[in-house]
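Please open the model in a viewer and keep the selection tool at hand. The stops below are to be visited in order.

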Amino acid sequence: MSTHDLTVPVAAPATPWRQRLGTMVPILVLAPSLAASFIYVFVFTLWTLYLSLSSSSLMPTYGLVGLDNYASLWANRRWNIAYTNLFLFSGFYIVGSMAIGLLLAILIDQRVRGEAVWRTIFLYPLAVSFIVTGTVWSWLYNPVDGIQAFVRGLGWTDFSFALTANRNTAIYAVIITGIWQSSGFAMALFLAGLRSVDPDLVKAAQIDGASVSRTYRKVILPTIAPIFLAVAVIQIQFAIKTFDLVAALTRGGPGVSTTFPAIYVYDLMFQRGQIGEGAAAAMMMLAALAVVLVPYSLWIVWRRRAEGRNG
Amino acid sequence: MSALMIRDLHKSYGGLEILAGINLEARTGEFVALVGPSGCGKSTLLAMIAGLETVTSGEIWIGDRLVNSVQPKDRDIAMVFQSYALYPTMTVRQNITFGMESRGVPKAEQAEAVKRVAALLQIEQLLNRKPGQLSGGQRQRVAMGRALVRDPKLFLFDEPLSNLDAKLRVDMRTEIKKLHHRVGKTTVYVTHDQVEAMTLASRIAVMNQGSVQQFDTPKRIYDRPTNMFVAGFMGSPAMNFIPARLTGSTSIAVRAADGSDATLALAAPLPAGAPKDVVLGVRPEHIYRFTTDLKSRKPAVEPIQAPVELVEPTGAETLAVLRLGDLEITGRFEPDDAPIMGETITLGIDMSRACLFDPATKALL
């Protein structure tokens with residue numbers, strides 16, 4: 001055979017610049033976006049970190065003041081509310097939209113009639129921007145001309161539905177709206193996952209005598225576990241940068257009850273001229289993301305290693 | 001007693017008829033193969049036996065029980081799927097015990113059963129692995145283990161070897177045959193591969209377009225196919241079909257390459273009422289190089305002239321494409337005695353092994 005030909009260096013003067021260009025092209029094509037990602041992610045993150053330790057007010061200044069900004073941030077009641085809201089919202093929003101999305105996906109997966117219509121209906125909220133969602137739902141929640149007014153108009157004059165009017169319940173109005181917006185998205189991903197499961201697996205479970213719920217719990221859902229993670233990670237970053245939904249729905253009110261970190265950062269940096277403290281708040285948002293994403297990526301690495309060992 | 005009995009089984013989706021009156025029976029311990037081209041309804045039939053498809057009309061009996069409306073889990077069957085359908089997130093052990101766990105079998109009994117099956121299939125060292133870490137042949141074995149552990153009345157196989165490469169397929173075929181010999185369970189085996197059906201089955205049901213064409217032993221199916229479909233489907237290279245004309249009650253004429261008619265004497269007289277035009281069916285291995293010595297050994301061999309168009313040596317045998325009238329037929333020769341491309345040889349056709357078909361009904365005469 002002539003396989004050795006491949007390893008013998010061919011004495012070809014075949015234009016080395018051309019070959020070099022061939023290897024350079026992918027790098028050249030990728031370079032702008034790589035450079036942009038590097039600058040926007042790492043450089044700006046480091047710059048923000050530096051600002052958060054500086055005495056910057058209306059304009060960035062570079063005199064370091066240590067952790068003063070963090071101290072004043074955490075002494076602020078409004079920031080504490082915002083940070084609590086973030087965890088409350090993220091928890092309910094992610095669990096809620098995944099649960100409802102999964103339920104819808106399982107129901108649609110039963111080969112219902114008019115499947116495409118249902119799918120479109122449930123996916124529609126995703127096509128609407130958070131601003132529109134927030135505005136429309138703020139009308140629905142409005143006691144004077146929303147759901148409460150409608151039901152009272154039907155005759156139940158004692159009916160009360162005014163989540164956004166009460167500072168204790170307003171956050172739940174945001175959560176419900178968020179779930180409405182993104183459970184369709186979760187459904188689409190889950191449905192794709194369910195559809196990718198080998199139908200023979202379900203048949204095998206049927207012959208093995210597993211009930212429908214056992215088949216889902218033990219066979220189908222574990223098979224699509226990676227999709228749960230994917231949905232959760234996407235939802236988490238949605239949740240942490242929540243800004244426009246709240247801005248349109250409650251404007252952070254009533255009072256400061258639905259303030260979110262992103263709103264707070266915006267406020268400090270661009271309304272009140274406290275760039276240092278705003279940067280500190282932004283770093284705390286990054287910390288919140290890291291709390292979730294660092295264990296996740298460690299887990300991915302660990303799993304890959306474990307698989308490598310067993311394989 | 002028969003372990004499986006199917007009576008006048010029909011299946012249709014809307015107006016489309018998939019199965020049109022299937023009658024089938026498997027005796028206890030028998031290995032029945034369902035074979036046919038894709039779309040013939042063999043997999044649907046298997047799914048109906050398993051209870052994964054509903055019955056439109058007709059009856060399915062497993063043992064002495066009518067199972068038409070019995071759930072798959074209560075039919076006392078086990079199935080091996082084409083894709084193996086191993087639960088990907090469970091270990092091999094969990095795959096095997098999943099069914100028992102669903103039924104609430106005590107742990108100690110489960111462990112005992114796993115041990116027995118693992119020893120039988122030699123998969124002890126794989127028990128703690130996940131299906132993703134197994135090779136094709138190992139997965140196949142685990143899938144069989146999952147079926148065996150149930151100790152069912154009836155084993156169902158749905159094209160279990162079609163995902164394996166050619167060499168492994170032959171190995172696993174042998175293994176399935178050995179296993180069946182050892183366990184002795186009634187088995188229904190779906191395949192589109194006629195070699196698999198011939199080698200494994202004690203009886204074969206050849207299916208086409210939703211009905212059973214012939215249900216018989218491999219030998220009877222090969223030697224006396226009931227119609228031209230069965231004759232053409234079973235055997236590779238396929239049987240040669242040569243148009244012929246009756247010239248008497250014991251002789252037929254076929255057209256040779258030069259346009260003249262050659263008369264061949266039949267080994268047995270045709271039944272009365274046979275049509276004037278017939279189709280002579282000859283398997284490639286029943287075509288020889290004609291010699292007087294051959295004639296004395298096999299008196300039913302009849303001579304005919306044919307030019308050799310093409311020769312295909314495969315090592316163990318040599319296939320030759322021969323011209324007869326305006327059609328090409330295939331002959332199978334010993335490599336040492338093979339014809340040469342371009343020569344015209346005198347063929348000897350073994351008429352005692354040949355079949356005659358009615359060209360109108362395609363049925364065996």
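Select Gln209(B), in the loop that links strand 9 (203-208) to strand 10 (211-216) of chain B. Helices (H or I, at least four residues) and strands (E, at least two) are DSSP runs, numbered from the N terminus. The model is predicted: local features need pLDDT of at least 70, side-chain atom pairs count only at pLDDT 80 or more, and totals for chains, interfaces and linings use all residues. Residues are numbered from 1 along each chain as its sequence is written, while chains are lettered from A and ligands numbered from 1 in the order in which they are written.

Although Gln209(B) is not a glycine, its phi is positive, at about 45°. Most residues other than glycine have a negative phi, and most peptide bonds are trans. Gln209(B) counts as partly exposed because 15 C-beta neighbours lie inside 10 Å. A residue is buried if 20 or more other C-beta atoms lie within 10 Å of its own, exposed if 12 or fewer, and partly exposed in between, with C-beta atoms placed from the backbone.

Next, select Lys362(B), in the segment after strand 20 (355-357) of chain B. Lys362(B), also not a glycine, has a positive phi of about 65°. With 17 other C-beta atoms within 10 Å, Lys362(B) is partly exposed.

Move to Pro237(B), in the loop between helix 8 (228-233) and strand 11 (240-246) of chain B. The peptide bond joining Ser236(B) and Pro237(B) is cis, with omega about 0°.

Now display domain 1 (2-233) and domain 2 (240-357), as given by the domain assignment of chain B; such bounds come from an automatic or database assignment. The C-alpha centres of domain 1 and domain 2 of chain B are 39 Å apart.

Finally, select helix 3 (residues 107-121) and helix 4 (residues 136-148) of chain B, whose axes come within 10 Å and cross at roughly 140°. Axes are lines fitted to C-alpha atoms, for helices over the stretch in contact, and angles run from 0 to 180 degrees between N-to-C directions. Helix 3 and helix 4 of chain B are therefore oblique to each other; angles under 35 degrees count as roughly parallel, over 145 as roughly antiparallel, 65 to 115 as roughly perpendicular and the rest as oblique. To see where they meet, show Val117(B), Ala118(B), Leu120(B) and Leu121(B) in helix 3 of chain B with Arg141(B), Met144(B), Gly145(B) and Leu148(B) in helix 4 of chain B.

Terms used: Contact = placed C-beta atoms within 7 Å.
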